[in-house]
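Subject: Structure handover

Hello,

Here is the structure you are taking over. Please open it first, then read the notes below it.

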Amino acid sequence: MKTFLSHFLLTLAVAATTFASSSSRADEKVLNLYSARHYQTDEALYEGFTRETGIRIKRIEGKDDELLERIRNEGAYSPADVLLTVDAARLSAAHELGLFAPVSSPLLDARIPANLRTADWFSFSTRARVIVYAKGVVKPEEVQTYGDLADPRLKGKICSRSGSHPYNLSLMASIIAHQGEAKAEQWAKGVVANFARAPKGGDTDQIRAVAAGECAVAVANTYYLARLMRSDKPEDRKTIDGIGVVWPDQQSYGAHINVSGGGVLKHAPNKEAALKFLEYLASDQAQRYFADGNNEWPVVAGVKIDNPALEALGKFKADPLPVSSLAMYRAKAQIIFDQVGYR
Ligand code: FE
C-alpha cells in the first residue's frame, strides 16, 4: 500500500513538472485551443490574436471525434479553453455532451446573426452546399433544386461522398426540417437510385469526377470549388472549365449553408482569454481571414473581403434555417440514409 502511495505521488510530481515546463512562464497568458480546423491559412488568424492581446495560443489539432472524446476523457482536468470545429451537427454534438460553457457576450450577439449562434457555441464562417454539373451533359435548368437530384431523369448521373459524412447529414437535416421526414425519405431514395457509383471520396473528388465524365451531377461545399478556381494547376483549370455551378433552391428556402464555429469549454482554465478569442474571431480582421484565406463567407455583415473566387461565385440566397435545427434532425437524417442505403 505504502509503495503504491509513493508511486502515485511520484506520478503526480512528474505530471506536475511536465505540465509546468510545457506551460512556460507563469505570468505568460496562454489560450489552449483544440481545433479540428486544419487549414494552413488559420495560422495567420491565430497570430493576429496574439499580436492584439499578448495571449499565446497553444494549439492541439485533431480529428473532430477524437477531440470530443479527448475533452470528455480529460473531464474537469481538461486544459482545453476553446473548441473550434466545422459543421453545425458536430458543434451540437459537443453541446449535447455538455462540453461547452454558456457564454454571455453582447458583442457576439450583436455581430453574429441569431440563426448562426446558440447559447453556448457560435458560427464564425459559412459555406454553401451547391450543385455542380457537367457542362454539355446536363442543363442547368435540370438541377435548380436539391429536389431535382432525386428526379429519375438523372438516373446513373450522380456522384456523392458518403451519406454518413456530416456535410450530407446536415443537408439532409435541412430537408427534413423544411419538408418533413416522409418527403425527405422519398428524396433520399430518389438520389440513391440515381447514383453513378457507390459513394466514395471527398467533395473535391466528386467535382473532379463530374468534370472527368464519371458522373454528371454532384453537391460540394463552396470552399472546395473556390480552391480549385484559385488554383493555377492545369488539371484544376480543366476541372473548373468542365463544370457549371448552381445555387440550389433560390426560388424557395435558399441554398443550404453549413458553418465552422466554436465555443468556450466548460472546464476551461482560461475562461476570460477564451471569451476574448471568440470575440476576436468575430472581428472584421478575423472575419476577413476566414474569407480570404479559406474561401468561406464571414458571418458578420458588411465585412469587406478580397477573394476573387467568392466574388466570381456571386451573390445568392442562403437558407436562413437556424443552425440548431440542423443538429435537431441529424440523428433522423442518419437513420433515413441507412434505411435507403445512402452509405
Ligand atoms: Fe471540408
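A residue counts as buried under 20% relative accessible area, as exposed over 50%, and as partly exposed in between, using a 1.4 Å probe and the protein chains only. The model is predicted, so local features need pLDDT of at least 70 and side-chain atom pairs count only at pLDDT 80 or more, while totals for chains, interfaces and linings use all residues. Residues are numbered from 1 along each chain as its sequence is written, and side-chain values use heavy atoms, with hydrogens and water left out.

Ala101 sits in the loop between helix H4 (88-96) and helix H5 (106-111); helices (H or I, at least four residues) and strands (E, at least two) are DSSP runs numbered from the N terminus. Contact means heavy atoms within 4.5 Å. Leaving aside neighbours within four places in sequence, Ala101 is in contact with Asp120, Val264, Leu265, Lys266 and Lys271. Phe124 is 23 residues from Ala101 along the chain, and their C-alpha atoms are separated by 17 Å.

Thr126 is part of strand E4 (residues 122-134). Its relative accessibility is 8%, so Thr126 counts as buried too. Not counting residues up to four places away in sequence, Thr126 touches Leu116, Ile257, Asn258, Val259, Glu296, Trp297 and Val299.

Ala333 belongs to helix H15 (residues 330-340). Ala333 counts as buried because its relative accessibility is 0%. With residues up to four places away in sequence not counted, Ala333 touches Leu169, Met172, Ala173 and Ile176. Ala333 and Leu171 are 162 residues apart in sequence, yet 8.8 Å apart in space, C-alpha to C-alpha.

The iron ion

Which protein donors does the iron ion have? They are Tyr167 (OH), Tyr223 (OH) and Tyr224 (OH), and they lie 1.8 to 2.1 Å from the ion. Donors are N, O and S atoms within 2.8 Å of the metal (3.2 Å for Na, K and Ca); water is not among the atoms, so sites may look incomplete. Along the chain, the donors follow the spacing Y-x55-Y-Y. Tyr223 is buried, with a relative accessible area of 0%, and Tyr224 counts as buried at 14% relative accessibility.

Pockets

Pockets and cavities are found on a 1 Å grid over the protein atoms alone: a cavity is a set of points where a 1.4 Å probe fits but cannot get out, a pocket is an open set with protein on both sides within 12 Å along at least five of seven lines, and lining residues have an atom within 4 Å of a point. Grid points are joined across faces, edges and corners, and a volume is the space filled by probe spheres set on the points.

The largest pocket has a volume of about 520 Å³. Its lining has 18 residues, of which Trp297, Pro298, Ile305, Lys315 and Phe316 lie nearest the centre. Strand E8 (297-298) and helix H13 (308-313) are the elements that give two or more residues to this lining. For the classes, Ala, Val, Leu, Ile, Met, Phe, Trp, Tyr, Cys and Pro count as nonpolar, Asp, Glu, Lys and Arg as charged, and the others, Gly among them, as polar. The lining of the largest pocket has 13 nonpolar, three polar and two charged residues.

The second largest pocket holds about 320 Å³ of space. It is lined by 16 residues, and His38, Lys63, Asp64, Arg90 and His165 lie nearest its centre. By class, this lining divides into six nonpolar, three polar and seven charged residues. Domain 1 (2-125 + 260-307) and domain 2 (126-256 + 318-340) each provide at least three residues of the lining of the second largest pocket; the domain bounds come from an automatic or database domain assignment.

Cavities

How many cavities of 30 Å³ or more are there? The count is three. The largest cavity has about 90 Å³ of space. Helix H6 (166-179), helix H7 (181-193) and strand E5 (217-221) each supply at least two residues of its lining, which divides into ten nonpolar, two polar and no charged residues.

The second largest cavity has a volume of about 60 Å³. Among the residues lining it are Leu116, Ile257 and Val259, and Thr126 touches these three residues as well.

Regards
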